[in-house]
Amino acid sequence: MRKFLFPLAFFAALAAEAPQAAKAQEPYSPEEVTAEDYARAQGFLGSAMNPLVFGTGVRPSWLDDGRFWYRIATPDGHEFMIVDPVGRTRERAFDHARLAGALSEAAGESFHPFALPFSAFTMSPDGRSITFDSGVRTYACDISRYECSYERRQVGRAAGPLQSPRGRGMTPGVASPDGMKSAFIRDHNLWMRDTESGEETQLTADGVEDFGYATNNAGWTKSDRPVLLWSPDSKKIATFQHDGRGVGMMYLVTTKVGHPELEAWKYPLPEDSVIFRIHRVVIDVDNPDSPKVVRLEMPPDQHRSTICDHIYCNGAFSDVEWAPDGSQLAFVSSSRDHKEAQLRVADPETGVVRDVLYEREETYYESGEDMVNWHFFPEYNEVVWFSERTNWGHLYLYDLQTGELKHPITSGDGWRVLQVRHVDRENRMLYFTGSGKEPGDPYFQYLYSVNMDGGDVRLLTPDSANHDITFSPDFEYFVDAYSTPLDPGATVLRDMRGREVVQLQTGDILQLRAAGWQPPIPFSVKARDGVTDLYGIMFKPSHLDPAKKYPVVNYLYPGPQSGSVGSRSFSAARREHQAMAELGFVVVTVDAMGTPGRSKSFHDIYYGNMGDNGLPDQIAAIEELASRNPWMDLDRVGIWGGSGGGFASTAGILRYPDFYKVAVSTSGNHDNRNYEDDWGEKWQGLLETFADGTTNYDNQANQLVAGNLKGKLLLAHGSMDSNVPPYNTMVVVDALIAANKDFDLLLLPNRGHGLGEPYMVRRRWDYFVEHLLGSEPPKEYPMGGR
């Protein structure tokens, strides 16, 4: 077992430097930052750093015989390993040198043993041969005799989408559990295709524009892939008729020579009286000659889920679950404001619906962290429910018939259940990730098990680190990749009791260190209240002179659905933080109050006041770090972020103009009345207009504080951003003009939401170098592909 010593005191100690003698410190502000400096900083981006990390990133591909293989990076290249859990063995999947020789002979070109021309393969049941694609060829290699042959394959045929024999184009489909059928949308109706014969069956006939079946549109995101859930026996489909009638439109226009193209689609806003609704249905497809549509006997639900701002979360129809035998369908109806959650069970034959249990929160109800944690067990007449009613996220067992609480399954202050990752129905065991239960960083995630009938919670991943878990298909084993921000850790195979079966890999960062990698600096500080602990990571220049004072750049993402720091697993390059630090900045990122992963009250701190954005905590963190580290210059603090971080960084320079002197804000949702309905209504509440004409959304609208601008502000947005439409930024631009304020605007034609392209990165670096560092940046430095 590998132990990481990460006590709480470690964070403060690591962030603190030996205090300097009391004397005036000269600000670090070189006359210019050269192209060579930019090139050196680029060497700290992920494109340069990540290839120097070896022995991490195990992604198992399981075989039918219970073994699995994976491909791993080594200093010599990439090798393929095969693991037998029963035999507790790990070895190379084949002789790489002999296979390279056989491939070279067959292909007529030379291949290196650890640079083979494929990253995945299919192994024959007897384990004697593999097949794989490389270029326009499909190779078959006998790995007992090491002989290879190939045949040319057709190029351009897509795997997954359905090609209509009627020539209507490619349509994404959802396959049934038995793989014999696939459901897809055509002309607003749901169709089914037999995957062997290609025969198509129309399942619904009354779907029309704005009232179609299985429509995948939340406004801010949309897709042609249908939203539905097959029953385990592949005989029924749970879906809905998506009601967009009366919902407002969104418009974007391309930039081109000649007539622009209009993109128009339904996009509800918080101010709208009507949003998307879903009319739930079950479609019986057991007899394809006469499919039967059963409408559930209930009013339409609001287009809401308990974990994301869509009903299609993590690639699945959210908050819907079939009984194992397909005899019942359970689902949660959420209120428009997310405060209320009603668990219901439907009879898929008759459409009769009954209410089981109800929960209401004063702010918003969530059923888990990025994963639905409720599960129903009709075979036991029970349901496992998730709640934060005690201020901490825990699991509870309810009676499925009466809706009465039987008992808590997990409990305790200071820690929370994150995700129920596996349900062992036969043995009544739950396997879940949790955080805060073990000493050290409260954001480290561990895997646990617990019996539905209660009892002790069993820790399955004992190493003090962040654990990334991948289960075997039969849930007899799991791959546990554990690491910290400072240590690449190791990857092991464990059984379902947490016992180590095979050591798979150990992270290797020798080349990374040799290249000058700078370990990030984890820290802990107090929040705005002076009591609550906050956790973050700091990055300082490798050439830092402690006799000088360096400007601070604060990167943030305010949430509320995620935080600024991101995963606590090892990363060679977190965004561009160290690269920016190499230009002469101290970069600080911290998970402020208002972000998830801690208590309910921690998460709720600025509910109804999104303009807070956690900024008081960001400022408190930087001030406390500067008190420990005199080389941090509190007179030169900048801030940046994208999307919600664009909203928050603009709020920072407008609401705290004496603290933040420079801001770079991209793709910001600057007034959530201009952003999709689900987002604002969950975190800010339903829109209310008061007698004096003000609203409960005024406290978060950046344009209403535009007159406060004192420093330098660069706003950037993509003109075809369909997630956060560019009008969000333009309302701030309009207000800044009205206030006669100087600012900078960068509108990127035909770009979408994520502005990670090299040009935007270079402009951000230039802006901070010129206006915060006080230096001349290199003119039009070519960032290239980063």
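**Notes on salt bridges and a helix pair**

1. Asp612 has a relative accessible area of 13%, under the 20% limit, so this residue counts as buried. Please keep in mind that this is a predicted model. Arg528 reaches 31% relative accessibility and therefore counts as partly exposed. Asp612 and Arg528 form a salt bridge, with 2.7 Å between the closest N and O atoms. The two partners come from distant parts of the chain, 84 residues apart: Asp612 sits in the loop between α7 (600-603) and α8 (615-628), and Arg528 in the loop between β44 (521-526) and β45 (533-539).

2. The structure has 50 salt bridges in total.

3. Another pair to look at is Lys236 with Glu349, a salt bridge whose closest N and O atoms are 3.4 Å apart. Lys236 belongs to strand β20 (residues 236-243), whereas Glu349 lies in the loop between β30 (340-346) and β31 (353-360), so the bridge ties together parts that are 113 residues apart in sequence. Are these two partners buried or exposed? Lys236 is buried, at 8% relative accessibility, while Glu349, at 41%, is partly exposed.

4. Glu382 and Arg428 also form a salt bridge, and here the closest N and O atoms are 2.9 Å apart. Glu382 is part of strand β33 (residues 382-387) and Arg428 of the loop between β36 (416-424) and β37 (429-435), so this pair connects parts that are 46 residues apart in sequence. Both Glu382 and Arg428 are buried.

5. Now for the helices. Two packed helices are described by the angle between their axes and the distance between the axes. Helix α2 (residues 35-42) packs with helix α12 (residues 758-773) at an angle of about 125°, and their axes are 13 Å apart. The crossing of α2 past α12 is right-handed.

6. Which residues make the contact between α2 and α12? From α2 come Tyr38, Ala41 and Gln42, and from α12 they meet Arg762, Trp765, Asp766 and Val769. Sorted by class, this contact of α2 with α12 has 4 nonpolar residues, 1 polar residue and 2 charged ones.

How values were computed: Residues are numbered from 1 along each chain as its sequence is written. This is a predicted model: local features need pLDDT of at least 70, side-chain atom pairs count only at pLDDT 80 or more; totals for chains, interfaces and linings use all residues. Side-chain values use heavy atoms; hydrogens and water are left out. Axes are lines fitted to C-alpha atoms, for helices over the stretch in contact, and angles run from 0 to 180 degrees between N-to-C directions. Helices (H or I, at least four residues) and strands (E, at least two) are DSSP runs, numbered from the N terminus. A crossing is left-handed if the near helix is turned anticlockwise from the far one by less than a right angle, and right-handed if clockwise. Contact means heavy atoms within 4.5 Å. Ala, Val, Leu, Ile, Met, Phe, Trp, Tyr, Cys and Pro count as nonpolar, Asp, Glu, Lys and Arg as charged, and the others, Gly among them, as polar. A salt bridge is a side-chain nitrogen of Lys or Arg within 4 Å of a carboxyl oxygen of Asp or Glu. Buried means under 20% relative accessible area, exposed over 50%, partly exposed in between (1.4 Å probe, protein chains only).
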